[in-house]
Amino acid sequence: MTHKILIVEDNENNRNLFRDILEFHGYAVTVATDGHEGVAKASELMPDLILMDIQMPGMDGMTATQMLKKDPATNGLKIIALTSFAMQADREKFLAAGFDDYLSKPINTRELPQLIQQWLEAKV
Ligand SMILES: [Mg+2]
């Protein structure tokens, strides 16, 4: 079974990098460029995992995640925050906002596939 992963990220270079790595590892990847599109595609696709950027124009990743987690139809989706300002204090903020985990950018491209696999296997 091919796992579906949704990448919600406004930065084109990051979006392409994530997509290329994940497609190389056999995942079915869909991308969205802001929170509105992310929520719409998440509801439509019901992906196995969502990588959600925090800072985006329009609807940010925090708001989009709270919307998905409040909706009974989508609150079971696994959502990983992508953040460029990761500090220990922020971790609690992300978990409180409904994220299942977070990943700080710049990402380690060698570690990413292993992390993805762990998140997919985790019973959240
Ligand atoms: Mg961004």
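The questions and answers that follow concern the structure shown, which is a predicted model.

Q: Why is Thr 65 called buried?
A: The relative accessible area of Thr 65 is 0%. Buried means under 20%, so Thr 65 is buried.

Q: Where is Thr 65 found, and with which residues is Thr 65 in contact, leaving aside its neighbours within four places in sequence?
A: Thr 65 is found in helix H3, which covers residues 61-70. With those neighbours left aside, Thr 65 is in contact with Met 52, Ile 79, Ala 97, Gly 98 and Phe 99.

Q: What makes the rings of Phe 94 and Phe 99 an edge-to-face pair?
A: Two rings pair if their centres lie within 6.5 Å, and planes over 60 degrees apart count as edge-to-face. The centres of Phe 94 and Phe 99 are 5.9 Å apart and the planes stand at 90°, so the pair is edge-to-face.

Q: Why is the pair of Phe 94 and Tyr 102 called tilted?
A: The ring centres of Phe 94 and Tyr 102 are 5.5 Å apart, with the planes at 50°. Planes under 30 degrees apart would count as stacked and planes over 60 as edge-to-face, with the rest being tilted; the angle of 50° therefore makes this pair tilted.

Q: How many aromatic pairs are counted, and which residues form one aromatic cluster?
A: The count comes to 2 aromatic pairs. Phe 94, Phe 99 and Tyr 102 form one aromatic cluster.

Q: Are Phe 94 and Phe 99 buried or exposed?
A: Phe 94 has a relative accessibility of 0%, so Phe 94 counts as buried. Phe 99, at 3%, counts as buried too. Tyr 102 is also buried.

Q: Where is Lys 78, and what lies 2.6 Å from a polar atom of its side chain?
A: Lys 78 is in the loop between H3 and strand S4 (79-83). The backbone oxygen of Trp 119 lies 2.6 Å from a polar atom of the Lys 78 side chain.

Q: What makes Asp 10, Asp 53 and Gln 55 donors to the magnesium ion?
A: Donors are N, O and S atoms within 2.8 Å of this metal. Asp 10 (OD), Asp 53 (OD) and Gln 55 (O) coordinate the magnesium ion at 2.0 to 2.1 Å, so these atoms meet the cut-off.

Q: Why can Asp 10 and Asp 53 be said to tie together parts that are apart in sequence?
A: Asp 10 lies in the loop between strand S1 (4-8) and helix H1 (12-24), while Asp 53 lies in strand S3 (residues 49-53), so the pair ties together parts 43 residues apart in sequence.

Q: What makes Lys 105 and Glu 9 a salt bridge?
A: The closest N and O atoms of Lys 105 and Glu 9 are 2.9 Å apart. The cut-off is 4 Å, so the pair forms a salt bridge.

Q: Why is Lys 105 called buried?
A: Lys 105 has a relative accessible area of 15%. The limit for buried is under 20%, so Lys 105 is buried.

Q: What is the peptide bond from Lys 105 to Pro 106 called, and where is Pro 106 found?
A: This bond is cis, with omega near 0°. Pro 106 is found in the loop between S5 and H5.

Note on methods:
Residues numbered from 1 in each chain as written. Predicted model: local features only at pLDDT ≥ 70, side-chain atom pairs only at ≥ 80, totals over all residues. Heavy atoms only, no water. Helix = DSSP H or I, 4+ residues; strand = E, 2+ residues; numbered from the N terminus. Buried < 20%, exposed > 50% of the residue type's maximum accessible area, 1.4 Å probe, protein only. Contact = heavy atoms within 4.5 Å. Phe/Tyr/Trp six-rings, centres within 6.5 Å; stacked < 30°, edge-to-face > 60°. Polar contact = N/O pair within 3.5 Å; in protein donor to acceptor, adjacent residues only side chain to side chain. Donors = N, O, S within 2.8 Å, 3.2 Å for Na, K, Ca; no water. Salt bridge = Lys/Arg side-chain N within 4 Å of Asp/Glu carboxyl O.
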